[in-house]
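Here is a short tour of a structure for your next look at the screen. Have the sequence and the 3D view open as you read.

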Amino acid sequence: PGTIEMAARFFLLLLGTLLVSCEHQEEFQKLDVDGCGFGSMSNTADYICDAANGGWLHKRPGSEAAPGTPPPGTGCHTYTGITNEPSSTFSSCTGTLPAQCQVCATKTFSHTLGSVRYKVGCQKC
């Protein structure tokens with residue numbers, strides 16, 4: 001093949017690589033905006049806690065679960081589903097979900113439904 005044909009092939013290969021890269025970048029950005037889901041735990045847990053960054057409450061009884069949104073540079077976040085816990089335990093965790101909640105960072109809960117772990121971009125860890 002001639003020089004022009006080789007240059008055209010290289011250009012098309014490079015363009016294809018950039019397009020695929022952009023598609024994946026959009027997926028990661030969408031995950032960051034939409035947040036990380038908790039699967040069936042969203043429906044079965046009374047509370048969902050993130051112990052990272054001082055503690056965050058993502059669900060309380062009667063509410064929809066607020067998605068997880070681990071910020072860059074904060075490592076792995078463990079989101080735990082909790083049931084059969086007195087509401088008084090979370091009385092200091094007020095406001096719109098996700099709400100700052102020191103209890104999530106400091107208490108060991110005896111009735112958990114499991115947990116999921118995410119880091120930035122909703123990548124499992």
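## The sheet

This is a predicted model. In it, S3 and strand S5 (residues 112–119) run antiparallel and are joined by six bridges.

Zooming out, six strands make up an open sheet with antiparallel pairing, and their order is S4-S2-S1-S3-S5-S6. S4 and strand S6 (123–124) are the edge strands, each pairing on one side only.

Now to the aromatic side chains: the structure holds four aromatic pairs. One of them is formed by Phe38 and Tyr79, with 5.1 Å centre to centre and 45° between the planes, which makes this pair tilted. Phe38 sits in the loop between helix H1 (3–34) and helix H2 (41–44), while Tyr79 belongs to strand S3 (residues 77–82), so the pair ties together parts that are 41 residues apart in sequence.

Are these two residues buried or exposed? Both Phe38 and Tyr79 are buried.

## A stacked ring pair

Next, turn to Tyr47 and Phe90. Their ring centres are 4.0 Å apart and their planes are at 20°, so this pair is stacked. Tyr47 lies in strand S1 (residues 47–50) and Phe90 in the loop between S3 and strand S4 (99–100), and the pair links these distant parts of the chain, 43 residues apart. Tyr47 is buried, and Phe90 is buried as well.

Key
Residues numbered from 1 in each chain as written. Predicted model: local features only at pLDDT ≥ 70, side-chain atom pairs only at ≥ 80, totals over all residues. Heavy atoms only, no water. Phe/Tyr/Trp six-rings, centres within 6.5 Å; stacked < 30°, edge-to-face > 60°. Helix = DSSP H or I, 4+ residues; strand = E, 2+ residues; numbered from the N terminus. Buried < 20%, exposed > 50% of the residue type's maximum accessible area, 1.4 Å probe, protein only. Pairing = 2+ DSSP bridges.
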